[in-house]
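Morning, everyone. I'll take you through one structure today, a few helices and a few residues at a time. Please have a look at it first.

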Amino acid sequence: WNIRNHHKTITFYKELIEANPEVARTYLYLLDNLIADHRTKEATEYLEKYAQLEGHMEFQVPVYEGRIALAEHNVALADEKFAELERRFPDVATTAFELANYYADKCEYEKAIAYYERSFELDKKEQKRPVYTDALWAIEMIYEIQGKYEDAVQTCDRLLAHLESEFSFTEGEPVREVTETKQRLLELMRR
(Lines give C-alpha, C1' and ligand atoms only; values in the text may rest on other atoms or scores of the structure.)
Protein backbone atom coordinates (compact mmCIF):
# COMPACT_ATOMS: atom_id res chain seq x y z
CA TRP A 1 0.00 0.00 0.00
CA ASN A 2 2.71 2.50 0.95
CA ILE A 3 4.38 2.05 -2.45
CA ARG A 4 1.33 2.25 -4.71
CA ASN A 5 -0.71 4.96 -2.99
CA HIS A 6 -0.95 8.48 -4.42
CA HIS A 7 -0.54 10.37 -1.13
CA LYS A 8 2.25 12.69 -2.34
CA THR A 9 0.49 13.46 -5.62
CA ILE A 10 -2.76 14.12 -3.76
CA THR A 11 -0.98 16.47 -1.36
CA PHE A 12 0.58 18.29 -4.34
CA TYR A 13 -2.80 18.83 -6.03
CA LYS A 14 -4.50 19.87 -2.78
CA GLU A 15 -1.82 22.51 -2.28
CA LEU A 16 -2.17 23.62 -5.89
CA ILE A 17 -5.94 23.98 -5.47
CA GLU A 18 -5.46 25.92 -2.26
CA ALA A 19 -3.15 28.34 -4.08
CA ASN A 20 -5.29 28.48 -7.26
CA PRO A 21 -8.86 27.47 -6.37
CA GLU A 22 -10.26 28.79 -9.64
CA VAL A 23 -8.34 26.38 -11.92
CA ALA A 24 -10.90 23.68 -12.71
CA ARG A 25 -8.57 21.17 -14.38
CA THR A 26 -6.54 20.76 -11.18
CA TYR A 27 -9.62 19.40 -9.40
CA LEU A 28 -9.93 16.66 -12.01
CA TYR A 29 -6.30 15.62 -11.53
CA LEU A 30 -6.87 15.50 -7.78
CA LEU A 31 -10.08 13.52 -8.23
CA ASP A 32 -8.30 10.95 -10.41
CA ASN A 33 -5.74 10.33 -7.68
CA LEU A 34 -8.23 10.30 -4.81
CA ILE A 35 -10.39 7.78 -6.67
CA ALA A 36 -7.34 5.64 -7.49
CA ASP A 37 -6.73 5.39 -3.72
CA HIS A 38 -10.46 4.85 -2.99
CA ARG A 39 -10.52 8.03 -0.92
CA THR A 40 -14.09 8.57 -2.07
CA LYS A 41 -15.31 10.80 0.75
CA GLU A 42 -12.63 13.36 -0.09
CA ALA A 43 -13.28 12.89 -3.80
CA THR A 44 -16.96 13.68 -3.28
CA GLU A 45 -16.07 16.86 -1.38
CA TYR A 46 -13.74 18.06 -4.14
CA LEU A 47 -16.23 17.14 -6.86
CA GLU A 48 -18.81 19.32 -5.12
CA LYS A 49 -16.33 22.21 -5.10
CA TYR A 50 -15.48 21.56 -8.76
CA ALA A 51 -19.17 21.62 -9.71
CA GLN A 52 -19.46 25.12 -8.20
CA LEU A 53 -16.61 26.59 -10.26
CA GLU A 54 -17.40 28.96 -13.05
CA GLY A 55 -16.45 27.37 -16.35
CA HIS A 56 -16.33 23.79 -15.08
CA MET A 57 -17.15 21.09 -17.62
CA GLU A 58 -20.67 20.02 -16.68
CA PHE A 59 -20.37 16.60 -18.30
CA GLN A 60 -17.51 15.75 -15.93
CA VAL A 61 -19.81 15.78 -12.89
CA PRO A 62 -21.70 12.55 -13.70
CA VAL A 63 -18.44 11.04 -14.98
CA TYR A 64 -16.76 11.52 -11.61
CA GLU A 65 -19.91 10.61 -9.67
CA GLY A 66 -19.85 7.34 -11.58
CA ARG A 67 -16.14 6.80 -10.98
CA ILE A 68 -16.60 7.46 -7.27
CA ALA A 69 -19.49 4.99 -7.15
CA LEU A 70 -17.37 2.38 -8.91
CA ALA A 71 -14.52 2.96 -6.44
CA GLU A 72 -17.06 2.30 -3.67
CA HIS A 73 -18.03 -0.94 -5.45
CA ASN A 74 -21.51 0.43 -6.15
CA VAL A 75 -21.75 -0.72 -9.74
CA ALA A 76 -25.51 -0.08 -9.94
CA LEU A 77 -25.04 3.59 -9.02
CA ALA A 78 -22.05 3.90 -11.36
CA ASP A 79 -24.16 2.48 -14.19
CA GLU A 80 -26.89 5.02 -13.34
CA LYS A 81 -24.43 7.92 -13.45
CA PHE A 82 -23.01 6.88 -16.82
CA ALA A 83 -26.54 6.35 -18.19
CA GLU A 84 -27.31 9.88 -16.99
CA LEU A 85 -24.19 11.12 -18.77
CA GLU A 86 -25.37 9.57 -22.02
CA ARG A 87 -28.91 10.95 -21.60
CA ARG A 88 -27.74 14.48 -20.79
CA PHE A 89 -24.97 14.72 -23.37
CA PRO A 90 -25.92 12.50 -26.33
CA ASP A 91 -24.02 12.56 -29.59
CA VAL A 92 -21.00 14.28 -28.04
CA ALA A 93 -17.56 12.80 -28.68
CA THR A 94 -16.33 13.35 -25.11
CA THR A 95 -19.39 11.60 -23.72
CA ALA A 96 -18.79 8.58 -25.94
CA PHE A 97 -15.12 8.58 -24.92
CA GLU A 98 -15.94 8.68 -21.20
CA LEU A 99 -18.48 5.88 -21.66
CA ALA A 100 -15.84 3.86 -23.48
CA ASN A 101 -13.38 4.44 -20.64
CA TYR A 102 -16.01 3.32 -18.14
CA TYR A 103 -16.71 0.09 -19.96
CA ALA A 104 -12.99 -0.54 -20.44
CA ASP A 105 -12.51 -0.09 -16.67
CA LYS A 106 -15.20 -2.73 -16.15
CA CYS A 107 -13.52 -5.02 -18.74
CA GLU A 108 -16.67 -4.88 -20.88
CA TYR A 109 -14.48 -4.64 -23.92
CA GLU A 110 -17.02 -4.96 -26.71
CA LYS A 111 -19.05 -2.05 -25.32
CA ALA A 112 -15.83 -0.09 -24.81
CA ILE A 113 -14.74 -0.62 -28.41
CA ALA A 114 -18.17 0.43 -29.69
CA TYR A 115 -18.04 3.66 -27.69
CA TYR A 116 -14.42 4.38 -28.68
CA GLU A 117 -15.44 3.96 -32.32
CA ARG A 118 -18.40 6.26 -31.73
CA SER A 119 -16.16 8.82 -30.06
CA PHE A 120 -13.72 8.76 -32.95
CA GLU A 121 -16.51 9.16 -35.52
CA LEU A 122 -18.22 11.93 -33.53
CA ASP A 123 -14.88 13.77 -33.27
CA LYS A 124 -14.63 13.69 -37.06
CA LYS A 125 -18.28 14.68 -37.44
CA GLU A 126 -17.91 17.58 -35.01
CA GLN A 127 -15.00 18.69 -37.20
CA LYS A 128 -12.83 19.50 -34.23
CA ARG A 129 -9.26 19.69 -35.34
CA PRO A 130 -7.14 17.87 -34.85
CA VAL A 131 -8.94 14.58 -34.33
CA TYR A 132 -6.70 12.82 -31.83
CA THR A 133 -5.71 9.16 -31.83
CA ASP A 134 -6.66 8.28 -28.22
CA ALA A 135 -9.75 6.28 -29.19
CA LEU A 136 -7.85 4.26 -31.79
CA TRP A 137 -5.02 3.55 -29.35
CA ALA A 138 -7.55 2.34 -26.77
CA ILE A 139 -9.12 0.02 -29.34
CA GLU A 140 -5.70 -1.36 -30.27
CA MET A 141 -4.91 -2.03 -26.59
CA ILE A 142 -8.21 -3.81 -25.99
CA TYR A 143 -7.69 -6.05 -29.00
CA GLU A 144 -4.20 -6.87 -27.74
CA ILE A 145 -5.51 -7.63 -24.23
CA GLN A 146 -8.07 -9.95 -25.82
CA GLY A 147 -5.40 -11.66 -27.92
CA LYS A 148 -7.07 -10.43 -31.11
CA TYR A 149 -3.77 -9.54 -32.70
CA GLU A 150 -5.06 -9.34 -36.26
CA ASP A 151 -7.66 -6.76 -35.22
CA ALA A 152 -4.98 -4.90 -33.27
CA VAL A 153 -2.73 -4.85 -36.37
CA GLN A 154 -5.62 -3.50 -38.46
CA THR A 155 -6.13 -0.79 -35.86
CA CYS A 156 -2.43 0.08 -36.13
CA ASP A 157 -2.96 0.50 -39.88
CA ARG A 158 -5.87 2.83 -39.11
CA LEU A 159 -3.64 4.77 -36.73
CA LEU A 160 -0.92 5.16 -39.37
CA ALA A 161 -3.44 6.28 -41.98
CA HIS A 162 -4.96 8.76 -39.53
CA LEU A 163 -1.57 10.16 -38.53
CA GLU A 164 -0.84 10.82 -42.18
CA SER A 165 -4.23 12.25 -43.14
CA GLU A 166 -4.82 14.33 -40.00
CA PHE A 167 -1.29 15.37 -39.06
CA SER A 168 0.75 14.74 -42.25
CA PHE A 169 3.00 12.43 -40.22
CA THR A 170 4.82 9.83 -42.26
CA GLU A 171 7.78 9.59 -39.91
CA GLY A 172 8.82 10.67 -36.42
CA GLU A 173 7.93 9.50 -32.94
CA PRO A 174 4.16 8.93 -33.37
CA VAL A 175 4.71 6.88 -36.52
CA ARG A 176 7.61 4.99 -34.95
CA GLU A 177 5.50 4.09 -31.91
CA VAL A 178 2.66 2.70 -34.05
CA THR A 179 5.07 0.89 -36.37
CA GLU A 180 6.87 -0.75 -33.44
CA THR A 181 3.56 -1.77 -31.88
CA LYS A 182 2.42 -3.25 -35.17
CA GLN A 183 5.69 -5.16 -35.57
CA ARG A 184 5.45 -6.55 -32.05
CA LEU A 185 1.87 -7.68 -32.73
CA LEU A 186 2.90 -9.36 -35.99
CA GLU A 187 5.57 -11.25 -34.05
CA LEU A 188 2.97 -12.36 -31.50
CA MET A 189 0.79 -13.63 -34.35
CA ARG A 190 3.65 -15.80 -35.60
CA ARG A 191 4.03 -17.61 -32.26
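One definition to start: a helix here is a DSSP run of H or I, at least four residues long, and helices are numbered from the N terminus. Also, this is a predicted model.

Is Gln 127 buried or exposed? Exposed means over 50% relative accessible area. Gln 127 has 63%, so it counts as exposed. Now look across to Thr 170. That residue is 43 residues away along the chain, and the two C-alpha atoms are 22 Å apart.

Next, His 162. You'll find it in helix H9, residues 149–167. Buried means under 20%. His 162 has a relative accessible area of 7%, so it is buried. What does His 162 touch? Leaving out residues up to four places away in sequence, its contacts are Phe 120, Val 131, Tyr 132, Thr 133, Leu 136 and Phe 167.

On to helix H3. It covers residues 40–52, 13 residues in total. At 1.5 Å a residue, it should span 18 Å, and its end C-alpha atoms are 18 Å apart, so the two agree. Which residues of H3 are buried? They are Thr 40, Ala 43, Tyr 46, Leu 47 and Tyr 50. Seen down the axis, the buried residues of H3 fall within an arc of 120 degrees, so they line one face. The face turned away from that side carries the exposed Lys 41, Glu 48 and Gln 52. The cover over the buried residues includes helices H1 (7–19), H2 (24–36) and H4 (60–71).

Now compare helix H6, residues 93–105. Ten of its 13 residues are buried, so H6 is largely enclosed by the rest of the structure. Among the buried ones are Glu 98, Asn 101 and Tyr 103. They pack against H4, helix H5 (75–88), H7 and H8. Just after H6, Cys 107 takes a positive phi of about 60 degrees.

Last, the core. In soluble globular proteins, nonpolar side chains tend to be buried together. Here, the largest nonpolar core has 56 residues. Tyr 50 and Tyr 116 have the most contacts inside it.

Technical notes
Residues numbered from 1 in each chain as written. Predicted model: local features only at pLDDT ≥ 70, side-chain atom pairs only at ≥ 80, totals over all residues. Heavy atoms only, no water. Helix = DSSP H or I, 4+ residues; strand = E, 2+ residues; numbered from the N terminus. Expected span 1.5 Å × (residues − 1). Buried < 20%, exposed > 50% of the residue type's maximum accessible area, 1.4 Å probe, protein only. Arc of directions from axis to C-beta. Contact = heavy atoms within 4.5 Å. Core = buried A, V, L, I, M, F, W, Y, C linked by side-chain atoms within 4.5 Å.
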